[in-house]
Amino acid sequence: MRPLPHNRPSPRAPAILFTPIVTFSILSLALVLLYKVDNFVSQTKTVVGHNLEPTPWHQFPPKSFDEETHHARSYKILQCSYLTCRYRKEDTVAERRRFPATSGSNQNIMCPEFFRSIYRDLQPWAASKISKVQLLEAQNYAAFRVLVVGGKLYVDLYYACVQSRAMFTIWSFLQLLRRYPGMVPDVDIMFDCMDKPTINRTEHHSMPLPLFRYCTTNEHFDIPFPDWSFWGWSEINIRAWHKEFPNIKRGSQTLPWNRKEPFAYWKGNPDVGSPIRTALLECNDTAMWGAQILRQDWGEQSKTGFKESKLSNQCNHKYKIYAEGYAWSVSLKYILACGSVALMISPQYQDFFSRGLIPHKNSWLVDAHDLCPSIKGAVDWGNKKPAEAEALGKRGQQLMENLNMDRVYDYMFHLISEYAKLQDFTPKLPSSAMEVCQESVLCYADDKQTAFLKESAASPSQSPPCTLAHPSKP
Ligand SMILES: *[C@@H]1O[C@H](CO)[C@@H](O)[C@H](O)[C@H]1NC(C)=O
Ligand SMILES: *[C@@H]1O[C@H](CO)[C@@H](O)[C@H](O)[C@H]1NC(C)=O
């Protein structure tokens, strides 16, 4: 050992003490830091609902998570929320997609007529624009906030959503960005994932609040947006729309029209606090009312793997009844896909595409106040005029065939683009917003959700979005 230089005193005893003290301090500091980080991470809100209460306006049982320990949870959150997007493979913002001038059979495709509803939905802000104050006020009604800034997606989570709605809805935004890279404008959106519209037009007359959700009514300002089930509903085994529609259509062709049952069919859950569904039980008599009403037992079905409830096996009737539940029902698109005459019981709620329904053209209105006789009337009409009934059913099916996923993304694209034009501020990330990417959503998904999410992944479009008619053009 080299002797210490003379001019440096060698305080032997303190040096011996010094090392353990420093070590101890560093260790303690590390532990405190670790504890703090762990605490911070374990408090992080996630797309699957960690550290989030259910929405107060629509209660549901709190979520439980299957990580066994506090540490397992912290580790998962650290990995999925903090590391995954940062260290994913393609972190560069995709360049704006350019479409070759001559390519694209889609080049001049006009959007379906009902896309015009976008202007009607955004009309409350057409003159006044959307201010930051309005947006922040809408936060009181939102489960989460979605921002696109520089082509990346960020979320700020306020409440948990039932089942995997938040996960699949956030996934839908990510797929839109993937389909139209660099084309989705910077935007700041408040979103509620629960069923009932909340921004009453009368009450919010003086200050309309912009809030996205899955449905609206004529009495509400809520802005309808495609619901999660277009990307799949893993809990009840409903696959993504681009898989489900062709299956249902094929199922609808197993019987020719003249061999389909000549009465109206409904199968669902009557116990959702919907007076219409309760009333519908009274019409369960094929001879008297031309209707068969069956109870869907989801609990029982989930045990048998939903074999009985396969949607493609439910197209064997000439008439299918659509009855709203607690609010709108995702079942509408599957009912229409059957090509049966869709008997719509006085709908109050509208989702984004139901504005394409035209009574006596592609659907049939049934009067809720005269329910059983009204169903019977429709069935009698169609049984007397089978060709007309079949054609009407086909037009309903055609509406849904035209609404393929390309058009669903186009609707999202145009709605978001038109909404963004109305913002009178530049979207800036709030400090609590976190980036989300496909990998981070998949990181939280269980095996089943992973399969559903992957099946519904989009790829970059080969052609531009359909053309949205100008609001003033007829
Ligand atoms: C909207 O609010 C008004 C006034 O409070 C109320 O009378 C009306 O029933 C509400 N509408 C809906 C659809 O809740
Ligand atoms: C409707 O009637 C059928 C046949 O009578 C019966 O099997 C079915 O359980 C009834 N539906 C309900 C919801 O009670």
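Helix α12 spans residues 386-402 of this predicted model. Its 17 residues carry the chain 24 Å from the first C-alpha to the last, close to the 24 Å expected at 1.5 Å a residue. Seen from within the fold, the buried residues of α12 are Ala389, Leu392, Gly393, Gly396, Gln397, Leu399 and Met400. These residues lie on the same side of α12, because the arc they cover around the axis is only 150°. As for what they meet there, the buried residues of α12 pack against helices and strands from several parts of the sequence: α6 (241-252), β8 (317-322), α10 (331-337), β9 (341-345) and α11 (371-384).

Ile276 counts as partly exposed because it has 18 C-beta neighbours inside 10 Å, whereas a buried residue would need 20 or more. Leaving aside residues up to four places away in sequence, Ile276 touches Ala323, Glu324, Ile345 and Ala368. For a sense of scale, Ser74 may be taken as a reference: Ile276 and Ser74 are separated by 202 residues in sequence and by 46 Å in space, C-alpha to C-alpha.

The surroundings of ligand 2 complete the picture. Leu281, Asn284, Ile293, Leu294 and Arg295 surround this ligand.

Terms used: Residues numbered from 1 in each chain as written. Chains lettered and ligands numbered in written order. Predicted model: local features only at pLDDT ≥ 70, side-chain atom pairs only at ≥ 80, totals over all residues. Helix = DSSP H or I, 4+ residues; strand = E, 2+ residues; numbered from the N terminus. Expected span 1.5 Å × (residues − 1). Buried ≥ 20, exposed ≤ 12 C-beta atoms within 10 Å, placed from the backbone. Arc of directions from axis to C-beta. Contact = placed C-beta atoms within 7 Å. Near = placed C-beta within 6 Å.
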